Each structure stands twice: as C-alpha cells, then as structure tokens.
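Here's a short walk through one model, with an eye on its ligand shell and its annotated sites. Have the structure open as you read.

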Amino acid sequence: NGLLAGKNMLVMGVANDRSIAWAIAQSLAAQGARLAFTYENERVEERVRKLADTISGSILLPCNVTVDEEIEGLADQIRESFGVLHGLVHSIAFAKTEELEGMFVDTSRAGFALAHDISAYSLTAVAQRLYPLMTEGGSIMTMTYLGAERALRNYNVMGVAKAALEASVRYLAADLGPHGIRVNAVSAGPIRTLAAKGIKDFNSILRQVEEKSPLRKTTDASEVGDTAMFLLSHLARGITGEVIYCDNGYNIVG
Ligand code: 0WD
C-alpha cells in the first residue's frame, strides 16, 4: 500500500537521525517503498545500521562516493538484491570547515576539488552506474541550497559546488529522460544537521529565516522528506531537470 508500493529505492547520505536523508527515508517508507541505505565508512556504520534496522525489509551497503570501485560494488549489490531500481536519493556533501568561513577568494585548489568531487561529481558518478538498473523508468533526486544562486556569507565553495550540482541535474535530466528517468533537486531551507555544524553563524541564518520567510518558520526535515517523496513518486511524472524549493518561501523574499 502507498504511493511507492512495489518500488525499490536507494537512499545515500544518512549519517545520523538528524540527516535529511533519514527524514526522506521515513517519507518513502511511509508510502511503502523498499529501501536500501548506504553508509560512508565504518565510522558511521553502526549508527546507520541501528536506524536502518527500524525500517523493515531495508538493506544496508557501504559506499564512499569518492571511490569508483565502491560505487561499482554498490551497483552490483543493488542488482543482486533488488534487480530493478526505481528511485535514488543523493543527500551527500562535504567541504573542509576552513573553506566554510571567511572569504571565498581564499579557497584552496585542493579544497575546491574536494568539495566538487563529493558534493557535485558524486551525483553523476552514482547516476552513471545505477541508471542501467532503472529499467522500468525511475526518479533521481539530490539536495541543494540557495547558496548555489546567491553569494551567501560563509557558504563559499559549497555554493559553487551546489551550482555545479544543479547544472548536473539539468544535464542528467536531458540524458536520462529518453530512458524514462527523471532527475531533480530539492533546495531546502537551513536545517540543523551534522553538515550544518560546519557552517559558521548557522544560528543567525536560522533566525533570519524565522523572521523573513513567508511562513515565518524554519524548514523541518520532514517537509523536505515529503517533497522528496513527491518527486520520487508517479505524482511528479511531469517534472524533470528542476530545482524545487522547500524553504517556507524564504527564497522569494530573503
Ligand atoms: O541546512 C541544511 N542542513 C541543508 C543541507 C540545506 C540545504 C541542503 N542541504 C544538503 C547538504 O548540502 C547535503 O547535500 O542536504 C544534503 C544532506 O545534508 P545534511 O542532512 O544536512 O547533513 P548530514 O546529516 O551531515 O549528511 C551529509 C552526509 C555526510 O555526513 P558527514 O556529516 O558525516 O559528512 O553526506 C555523507 C555523509 O554521510 N557523505 C558521504 N557519503 C559517502 N561518501 C561522503 C562520501 N565521501 N561525504 C559525506
């Protein structure tokens, strides 16, 4: 039962119970999807396993997206366990904390490359190996932020990486559309997660959103979860290559 009954979906980017990917997983499970989770490394394995264990029928697989062999291993495992894949959630990003404060102009070559590798290229790297499993059509979604479009204080190299990610969404949508595969991004308002801890002055950003957003509140991860669920469902069959805001309207006024 549910909008996603009989659908197999892969969720990448759960680090803990505050992760946006975890909220998305809740929304997908509530609609009857069968889920696979990935974890980045042994450091987080047990934490993610405990969460995955609360969703019946789900499976857990390792994948550090900077390593091609791990992505290939993931695709093999998904083929073995699921056969067909219908949905992919990419909720992964990383930049060194020293690149997330001060001036963007100070970004190092290595810091720029790392942020782009993990936060932008990884979407293409996983889509490349997994779209062949989407033989019944599919939906791929990723997570982005307003800093892709505007020069927001402290977001710096991550904003540039998100711009690359959003452009990647459009090119992937153009490539994979003929295969019946849609590719979209959700641009979420700021949410207090592990990743957000790396961003300087995060509290004042939250305060601004509370004051200025049309709905006068900050974004809840469950709101993003439901938006992602919509994009992964048949209800969104006419939408591809888009960036959908789930930010209580902040982007139209902020
Ligand atoms: O305000 C926010 N929190 C927003 C987040 C607003 C708008 C967008 N986003 C985006 C983030 O940029 C990211 O793309 O949402 C996505 C998920 O972020 P999150 O849920 O806020 O953060 P978190 O719970 O930390 O999940 C991101 C995870 C990593 O966690 P840590 O904190 O351990 O780096 O991405 C994963 C990892 O689990 N990750 C990787 N996974 C595989 N391979 C890798 C990697 N190399 N690097 C990071």
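## Helix α1

Start with helix α1, where Ile20, Ala21, Trp22, Ala23, Ile24, Ala25, Ser27, Leu28 and Ala29 are buried. Buried here means that 20 or more other C-beta atoms lie within 10 Å of a residue's own, exposed means 12 or fewer, and partly exposed is in between, with C-beta atoms placed from the backbone. That makes nine of eleven residues buried, so α1 is mostly covered. Helices (H or I, at least four residues) and strands (E, at least two) are DSSP runs, numbered from the N terminus.

A word on the source: this is a predicted model, where local features need pLDDT of at least 70, side-chain atom pairs count only at pLDDT 80 or more, and totals for chains, interfaces and linings use all residues. Residues are numbered from 1 along each chain as its sequence is written.

## Around the ligand

The shell around the ligand has 24 residues, and Ser19, Ala93, Met143, Thr193 and Ala195 come nearest. Two or more residues each come from α1 (20–30), β5 (138–144) and α6 (194–197). The largest share, three residues, is from α6. To be near, a residue needs its C-beta atom, placed from the backbone, within 6 Å of the molecule or strand in question.

By class, the shell holds 16 nonpolar, seven polar and one charged residues. Nonpolar covers Ala, Val, Leu, Ile, Met, Phe, Trp, Tyr, Cys and Pro; charged is Asp, Glu, Lys and Arg; the others, Gly among them, are polar.

## The two annotated tyrosines

UniProt (unreviewed entry) puts "active site" on Tyr145 and Tyr155. UniProt positions follow the numbering used here, feature names are shortened, and annotations may be inferred rather than shown by experiment.

Tyr145 lies in the loop between β5 and α5 (156–176), and counts as buried because it has 24 C-beta neighbours inside 10 Å. Beyond four places in sequence, Tyr145 is in contact (C-beta atoms, placed from the backbone, within 7 Å) with Lys162, Ser187 and Ala188. Tyr155 is also in the loop between β5 and α5, and is buried, with 24 other C-beta atoms within 10 Å. Its contacts, counted likewise, are Gly147 and Ile199.

## Binding-site residues

The unreviewed UniProt entry's "binding site" feature includes Arg192 and Leu194. Arg192 sits in the loop between β6 (181–188) and α6 and is partly exposed, because it has 13 C-beta neighbours inside 10 Å.

Leu194 is in helix α6 and is exposed, with 11 other C-beta atoms within 10 Å. Not counting residues up to four places away in sequence, Leu194 touches Ala15, Asn16, Arg18 and Ser19.

Technical notes
Two residues are in contact if their C-beta atoms, placed from the backbone, lie within 7 Å.
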